[in-house]
Amino acid sequence: MTITGILAPLVESIKRRFFKWEDQFFARRFGLELGPVCREDLVSDDAESSAHANACQAVWCRNLREIFKETRKFDAIPKNFVDIGSGKGKACFFAATKMPFEKIIGVEFSKPLVLVAEANAARLG
């Protein structure tokens, strides 16, 4: 095995720890509640939505940074940002702090998550 092959798992572990730290810093900086939510806590009045629900895990800031970096390569910056399954709103809040979107929309079926997202939005301003 090469040195690169030996170091790859270590490098990947370090990168993931950095990404996790970046996410924690983002949440603390703005006072946001963004932790994961297990499937059982995702509730809805719609039985179909509840039947297809999975645990809620927010996107890494790093992934959004990469998407926005690619977006800036085009002459036209998108006017709208839409997050389907927005959970507690992390992607929307990150978008609001990093890009000049005219409109940011989060779509979520679970009322408890919507309430957390609304409280987060009030904190973010």
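Me: In this predicted model, does E33 count as buried, partly exposed or exposed, and at what relative accessibility?

Reply: A residue is called buried under 20% relative accessible area and exposed over 50%, with partly exposed in between. E33 therefore falls into the middle class, counting as partly exposed at a relative accessibility of 36%.

Me: Which residue forms a salt bridge with E33?

Reply: The closest N and O atoms of the salt bridge made by E33 are 2.8 Å apart. The pair links distant parts of the chain, since E33 sits in the loop between α1 and α2 and its partner in the loop between β1 and α4, 55 residues apart. That partner counts as buried at 8% relative accessibility, and the residue that pairs with E33 is K88.

Me: How many residues apart are D23 in helix α1 and K90 in helix α4?

Reply: D23 and K90 form a salt bridge in which the closest N and O atoms are 2.9 Å apart. This pair links distant parts of the chain, with D23 in helix α1, K90 in helix α4 (residues 90-98), and a separation of 67 residues.

Me: Is K90 buried or exposed, and what is its relative accessible area?

Reply: K90 is the salt-bridge partner of D23, and D23 is itself buried, with a relative accessible area of 12%. Leaving aside residues up to four places away in sequence, D23 touches V59, W60 and C61 as well as K90. Because buried means under 20% relative accessible area, K90 belongs to that class too, being buried with a relative accessible area of 6%.

Me: About how many helical turns separate E12 and R16 in helix α1?

Reply: The side chains of E12 and R16 meet in a salt bridge of 3.3 Å, N to O, and both residues, together with K15, are linked in a network of salt bridges. E12 is partly exposed at a relative accessible area of 32%, and R16 counts as partly exposed at 44%. An α-helix has 3.6 residues a turn, so residues three or four places apart point the same way. Since E12 and R16 are 4 residues apart in helix α1, their separation is about one helical turn.

Me: How do the buried residues of α3 fall when seen down its axis, and within an arc of how many degrees?

Reply: Helix α3, residues 61-71, has C61, L64, F68 and T71 as its buried residues. Seen down the axis of α3, these residues line one face of the helix, because they fall within an arc of 80 degrees.

Me: Which residues do ring pairs link into a cluster?

Reply: F68 counts as buried at 3% relative accessibility, as does F81 at 13%. Ring pairs link both of these residues into a cluster, whose members are F26, F30, F68, F81, F94 and F101.

Conventions: Residues numbered from 1 in each chain as written. Predicted model: local features only at pLDDT ≥ 70, side-chain atom pairs only at ≥ 80, totals over all residues. Heavy atoms only, no water. Contact = heavy atoms within 4.5 Å. Buried < 20%, exposed > 50% of the residue type's maximum accessible area, 1.4 Å probe, protein only. Helix = DSSP H or I, 4+ residues; strand = E, 2+ residues; numbered from the N terminus. Arc of directions from axis to C-beta. Phe/Tyr/Trp six-rings, centres within 6.5 Å; stacked < 30°, edge-to-face > 60°. Salt bridge = Lys/Arg side-chain N within 4 Å of Asp/Glu carboxyl O.
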